[in-house]
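Work through each task before reading its solution.

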Amino acid sequence: ILYSTVGVLKEEKQHYVFRKFDKDINLIKEQTFTFDYQCLMQAKAIERSPGVFDYVFIATPYKYKKSKLRVAAANQYEYFYVDGTTYEIKEHVVFTAPNTKWTLDKVIHENNATYLIGGCSANNTDYTELKGPTEDVYQNLQVAKFENGKLIFIKSTLNKDLVAALKVND
């Protein structure tokens, strides 16, 4: 279970709490992510073996006018890789993406590298909306590779470039 404490506590921070419970609803593990800026968390599970998972989280900036928290750049993201057994943060990287409104659609973990794949906007200034991504976000693609706690690359491809690449000349 992942939940946010924004608006609940009177401090100038935002917390996301990730908890694991047993079958009797007893708390087993907990990891807290704390931010001094406005963000939404996206999460994906990675199955290491049958029934054994690690987790990837992306903090996505947003801009809510009524919030007192600072606003980060629209294309500033934070990546977290969490061990599903210990709930320890194994990797944490703050990075700048070419484009914004990035949705975490697919995560692949292979050969000690983690690939994040998803739709994005066509610019680097629009903020993610609280209501979720709009259809235009899925018109473009953004891919990132993380390895050993470092961003190896992040690239975006706009739909118009994908369409042009698929055209066959007669």
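**Exercise 1.** Which side chain meets that of aspartate 54 in a salt bridge?

Solution. The model is predicted: local features need pLDDT of at least 70, side-chain atom pairs count only at pLDDT 80 or more, and totals for chains, interfaces and linings use all residues. Residues are numbered from 1 along each chain as its sequence is written, and side-chain values use heavy atoms, with hydrogens and water left out.

Step 1: apply the criterion, a side-chain nitrogen of Lys or Arg within 4 Å of a carboxyl oxygen of Asp or Glu. Step 2: the partner is arginine 48, at 3.2 Å from N to O.

**Exercise 2.** Is aspartate 54 buried or exposed?

Solution. Step 1: buried means under 20% relative accessible area, exposed over 50%, and partly exposed in between (1.4 Å probe, protein chains only). Step 2: aspartate 54 has 4% and is buried. Step 3: arginine 48, at 41%, is partly exposed.

**Exercise 3.** Which parts does the salt bridge between glutamate 30 and arginine 19 tie together?

Solution. Step 1: the two side chains meet at 2.4 Å, N to O. Step 2: glutamate 30 lies in strand β3 (residues 27-35) and arginine 19 in strand β2 (residues 14-21), so the pair links parts 11 residues apart in sequence. Strands are DSSP runs (E, at least two residues), numbered from the N terminus. Step 3: glutamate 30 is partly exposed at 37%, and arginine 19 is partly exposed at 25%.

**Exercise 4.** How many salt bridges does the structure hold?

Solution. The structure holds seven.

Terms used: Helix = DSSP H or I, 4+ residues; strand = E, 2+ residues; numbered from the N terminus.
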